[in-house]
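Dear colleague,

Here is the structure I promised to pass on. My notes on it follow below.

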Amino acid sequence: MKFGSVNHPDTIDFTLPQDHKDTLRVLSAKANGITPDVFVGCAKWNRADLKGFYPRGTKDELIYYASQFNAIELNATFYRIFPLEQFAKWYDKTPKGFKFFPKLNQEISHWKRLNATKDVVNHYLYNASHLKEKLGTIFLQMHNNFTPKDFDKVVQFIEEWPKTVPLAVEFRHTDWFNDITIAEELYVLLEENNISNIVVDTAGRRDLLHMRLTNSTAFVRYVGANHTSDYTRLDDWVKRLELWKTQGVKEINFFVHQNIEEASPLLSAYFIGKLNATLGCKLTVPNKPQQQSLF
């Protein structure tokens, strides 16, 4: 994942900002003292991207991946709409408790730019529904050049979205967050429709680290820099997630990317170990016997 990459990560201030003032309000309204569901995964499971992760002789990458992680951020669905039979096969290959978090297809977000997308969305959702209870939150990622001038398209899209299907959204143009009036209108829209506001933590786009949750689900897309700072950044995230747990977060979806993706399982294993110790999770630590330092 090259988005937000920089040549010299040692020059970046990776301090997590304070939470947006309304994040506490949103979480406190949902607080019930229950330990949140926690899902951690990578963006892909194929051998080429996760080089070195699979033991010699692995015959089916997804089956092995799902034995090590409890979730996958399914980026493949951005590039093509898979037939329902494929979703059904993925369902059959994965264990109970595993979840897929598929990205909406580029025809919806990048080609049609949310304009007249109802039919393609319905087709996508019908196929994806064959993941049954393993279908996690679907996420929409808009192009960098999609600006608030098209806010009306966002409103229409969200109002047409089926309320029974969890959705998270990611906007990348800086005006969605730097224009306070626009940002507040967006947050209210998402909050009123129970849609998760994706938090993106990447080196070159610190403006996307808005720390504004709009429901009780924290959906975080973390991009490491293949640098020693990746460890301390994840330590800070563990502390923030621990705080959100006390405030009432019900679900945590955390997906680890790297500029060089082959390191993602290693970094994920470090993060999962910290989560287990701090939040009381009982997640499998991927490839624990083979664990080595990233750097």
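**The sheet**

Six strands make up an open sheet with parallel pairing, in the order E3-E2-E1-E9-E8-E7. E3 and strand E7 (199–201) are the edge strands; each has a single partner strand, so one side of each lacks a neighbour in the sheet. From one strand to the next the twist averages 25 degrees. Strands (E, at least two residues) and helices (H or I, at least four) are DSSP runs numbered from the N terminus, and two strands pair if DSSP finds at least two bridges between them.

This is a predicted model: local features need pLDDT of at least 70 and side-chain atom pairs count only at pLDDT 80 or more, while totals for chains, interfaces and linings use all residues. Residues are numbered from 1 along each chain as its sequence is written, and side-chain values use heavy atoms, with hydrogens and water left out.

Strand E8 (residues 217–224) and strand E9 (residues 251–258) pair in the parallel sense over eight bridges. Thr-217 has Glu-251 as its bridge partner in E9. Helix H11 (residues 264–279) packs on the sheet and touches strand E1 (37–42), E8 and E9; contact means heavy atoms within 4.5 Å. The direction of H11 makes about 150 degrees with that of E9 (axes are lines fitted to C-alpha atoms, for helices over the stretch in contact; angles run from 0 to 180 degrees between N-to-C directions).

**Helix H4**

In helix H4 (residues 84–93), the buried residues are Phe-87, Trp-90 and Tyr-91 (buried is under 20% relative accessible area, exposed over 50%, partly exposed in between; 1.4 Å probe, protein chains only). Lys-89 and Asp-92 are exposed on the other side of H4.

Regards
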